Amino acid sequence: MKKIILLAIAAFSMVNGQWSKVSAQTQKQKVNVSEVQAVATTKAENYAELTFDTLRYDFGKFSKSEPVVHCSFPFTNTGTAPLIIHQAFASCGCTVPTYTKEPIKPGEKGIIDVTYDGTDKFPGHFQKTITVRSNAINEVVRLTIEGMME
């Protein structure tokens, strides 16, 4: 009889202990869900957005006797938080982008200047990409330049 009572008490203790763990986990999950919702709301309300006037620039035809050409890609921060461009890099060494380094406030404009140097390159059509990485909601944007060096 003592064995049955001891087994019953042990079983009750184990069930009661497991139930409190499940209850604690459920309460903990509820707290985490609300925290995630609060963070998601904050991120949705405060974001930077990188909006370019154009994503492509065509130099058209130019002479190989003057192989260096320049263009600009103006952009606007259409978000609600400051925009920071982390890097802008080209698909090859003949194309060099420079960009606004300071944070761009919401509604303000910035610019990415691109120089293509076709010195010692074969004449003909070319197409290069510039990848822009930022803290914007659209984190990666690709710009394209092209032209015909004759």
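**A note before the views.** This is a predicted model, in which local features need pLDDT of at least 70 and side-chain atom pairs count only at pLDDT 80 or more, while totals for chains, interfaces and linings use all residues. Residues are numbered from 1 along each chain as its sequence is written, and side-chain values use heavy atoms, with hydrogens and water left out.

**View 1. Four strands make an open sheet in the order E2-E8-E7-E4.** Strands (E, at least two residues) are DSSP runs numbered from the N terminus, as are helices (H or I, at least four residues). Two strands pair if DSSP finds at least two bridges between them. The pairing in this sheet is mixed. At its edges are E2 and strand E4 (85–90), each of which pairs on one side only. On average, neighbouring strands are turned by 15 degrees against each other, direction ignored; for this, axes are lines fitted to C-alpha atoms (for helices over the stretch in contact), and angles run from 0 to 180 degrees between N-to-C directions. Look next at E7 and E8: they run antiparallel, joined by 10 bridges. Strands of a sheet pair through backbone hydrogen bonds, either parallel or antiparallel.

**View 2. Val 132 sits in strand E7 (residues 124–134).** Val 132 is buried, with a relative accessible area of 0%; buried means under 20%, exposed over 50%, and partly exposed in between (1.4 Å probe, protein chains only). Which residues does Val 132 contact, leaving aside its neighbours within four places in sequence? Among them are Leu 50, Phe 52, Ile 112 and Leu 143, where contact means heavy atoms within 4.5 Å. Ala 88 is in contact with Val 132 too, and the C-alpha atoms of these two residues are separated by 4.4 Å although they are 44 residues apart along the chain.

**View 3. Tyr 116 and Phe 126 form a stacked aromatic pair.** Their rings are 3.9 Å apart centre to centre, with 5 degrees between the planes. Rings of Phe, Tyr and Trp (its six-membered ring) pair if their centres lie within 6.5 Å; planes under 30 degrees apart count as stacked, over 60 as edge-to-face and the rest as tilted. Tyr 116 belongs to strand E6 (residues 109–117) and Phe 126 to strand E7, 10 residues apart. Both Tyr 116 and Phe 126 are buried. Ring pairs also link these two with Tyr 57, Phe 59 and Phe 62 into a cluster. The whole structure holds seven aromatic pairs.

**View 4. Two salt bridges are found in the structure.** A salt bridge is a side-chain nitrogen of Lys or Arg within 4 Å of a carboxyl oxygen of Asp or Glu. In one, Arg 56 joins Glu 146, with the closest N and O atoms 2.8 Å apart. This pair links strand E2 (residues 56–62) with strand E8 (residues 140–149), across 90 residues. Arg 56 is partly exposed at 42% relative accessibility, whereas Glu 146 is buried at 15%. In the other, Glu 150 meets Lys 61 at 3.7 Å, N to O. Glu 150 lies in the segment after E8 and Lys 61 in strand E2, so this pair ties together parts 89 residues apart in sequence. Glu 150 is partly exposed at 48%, and Lys 61 is exposed at 63%.
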